[in-house]
Amino acid sequence: MCNPEVVYNEWLAFWIKHHKNILEERSYGVTFKELSKSNFKSIELNLPPLAEQRAIAAALRAAQAAVQARRRTIELERERKAALMQALFTRGTRGEPTKLTEIGEVPQGWEVVQLGSHCEFLQYGTSKFCDTDATGIPVLRIPNVIAGRVDISDLKYVKLPKKEADGLRLAVGDLIFVRTNGNREYTGRCAMFRGEPSEALFASYLIRARVKTEFFIPEFVQRYTMTAPGRSFLSGRSSNAADGKYNINTQTIRGVMIPLPPLAEQREIAEALRACDAVIAALEQEAALHEELFRALLEELMTGRVRVVSPGALVEP
């Protein structure tokens with residue numbers, strides 16, 4: 001505990017956050033890093049006046065609160081999306097009476113069908129070695145199927161003969177399922193390919209499904225795989241292998257029971273959930289900007305490049 005007549009504790013907490021590299025340098029231990037009291041006491045502080053410490057802490061507290069408020073808004077929006085998804089897949093968009101089926105409650109006008117009977121084909125990907133040589137063809141792998149979408153931030157590439165590559169090239173609307181994972185919940189994750197990266201192939205730990213578009217909007221199917229019944233037919237039916245991983249196969253995907261609304265209603269459901277995703281993405285971007293602002297403000301205030309003469313009044317020295 002520092003002398004409160006000299007050091008304002010909240011300012012010190014922000015100082016520690018900014019100077020954690022100094023603390024790490026003075027820590028010891030292999031498995032768990034520890035900082036001794038004597039090492040901590042030996043650290044030199046460039047102390048602003050106490051009133052300025054309080055003003056700095058107030059400014060940083062406000063910036064931090066703005067980040068936290070936006071994170072809470074994101075969580076509320078995710079909860080709203082989950083509730084909307086539940087409503088859309090059980091009650092639809094037309095206000096119909098509902099019926100009880102093997103996948104739960106659905107509108108009376110909907111059928112419940114096996115996904116496999118409404119797919120053009122299912123296919124395993126390439127098992128050829130992939131690397132970071134971008135002169136090859138981009139290949140989507142397990143790390144690229146995240147939260148129901150294709151993430152292209154960590155791509156690898158493969159070199160294949162044209163005929164072999166053509167047979168594995170993804171088309172817009174193809175569904176990609178994760179077929180093996182050490183975490184059961186991640187097995188069966190599904191994303192819809194939207195065309196990026198262009199000419200992309202897919203790896204052997206993924207399964208490609210191409211639905212018959214006269215029956216299904218691909219995005220509707222992908223959205224259904226993220227519901228509780230959809231997950232139960234995928235990760236819930238995965239088998240435990242000797243290596244500790246959980247696996248599904250094409251038969252698992254063929255056997256998935258899925259609601260079949262009219263195409264127009266499928267499109268409405270997909271669009272409503274896509275709109276939720278757009279709101280969440282915008283909020284995420286806003287939160288990231290506020291986090292960047294907090295980090296920049298922390299740097300400026302803790303180095304003295306910007307001074308706080310009074311709460312809310314920042315000046316350059």
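## Exercises on a predicted model

I16 lies in helix α1, residues 9–18. The model is predicted.

**Exercise 1.** Classify I16 as buried, partly exposed or exposed, and state how far I16 and M302 are apart in sequence and in space.

*Solution.* 
- Step 1. Take the relative accessible area of I16, which is 27%.
- Step 2. Buried means under 20%, and exposed means over 50%.
- Step 3. I16 is therefore partly exposed, at 27%.
- Step 4. Along the sequence, I16 and M302 are 286 residues apart.
- Step 5. In space, their C-alpha atoms are 9.9 Å apart.

**Exercise 2.** Describe the largest pocket: its volume, the residues closest to its centre, the elements that line it and the classes of its lining residues.

*Solution.* 
- Step 1. The largest pocket holds about 970 Å³ of space.
- Step 2. Its lining has 30 residues, and K81, A147, G148, R149 and M226 are the closest to the centre.
- Step 3. Two or more lining residues come from each of α4 (50–91), β7 (149–150), β11 (190–192), α6 (218–224), α7 (228–234) and α9.
- Step 4. α4 gives the most, with four residues.
- Step 5. By class, the lining has 12 nonpolar, seven polar and 11 charged residues.

**Exercise 3.** Locate T187, classify it as buried or exposed, and find what lies 3.5 Å from a polar atom of its side chain.

*Solution.* 
- Step 1. T187 sits in the loop between β10 (180–181) and β11.
- Step 2. Its relative accessible area is 1%, so T187 is buried.
- Step 3. The backbone oxygen of Y246 lies 3.5 Å from a polar atom of the T187 side chain.

**Exercise 4.** Count the disulfides in the structure. Then decide whether C119 is buried or exposed, and do likewise for C190.

*Solution.* 
- Step 1. The structure holds zero disulfides.
- Step 2. C119 has 8% relative accessibility, so C119 counts as buried.
- Step 3. C190 has 4% relative accessibility, so C190 counts as buried too.

Key: Residues numbered from 1 in each chain as written. Predicted model: local features only at pLDDT ≥ 70, side-chain atom pairs only at ≥ 80, totals over all residues. Heavy atoms only, no water. 1 Å grid on protein atoms, 1.4 Å probe; cavity = no way out; pocket = protein on both sides within 12 Å on 5 of 7 lines; lining within 4 Å. Points joined across faces, edges and corners; volume = space filled by probe spheres on them. Nonpolar A, V, L, I, M, F, W, Y, C, P; charged D, E, K, R; others polar. Disulfide = S-S within 2.5 Å. Buried < 20%, exposed > 50% of the residue type's maximum accessible area, 1.4 Å probe, protein only. Polar contact = N/O pair within 3.5 Å; in protein donor to acceptor, adjacent residues only side chain to side chain.
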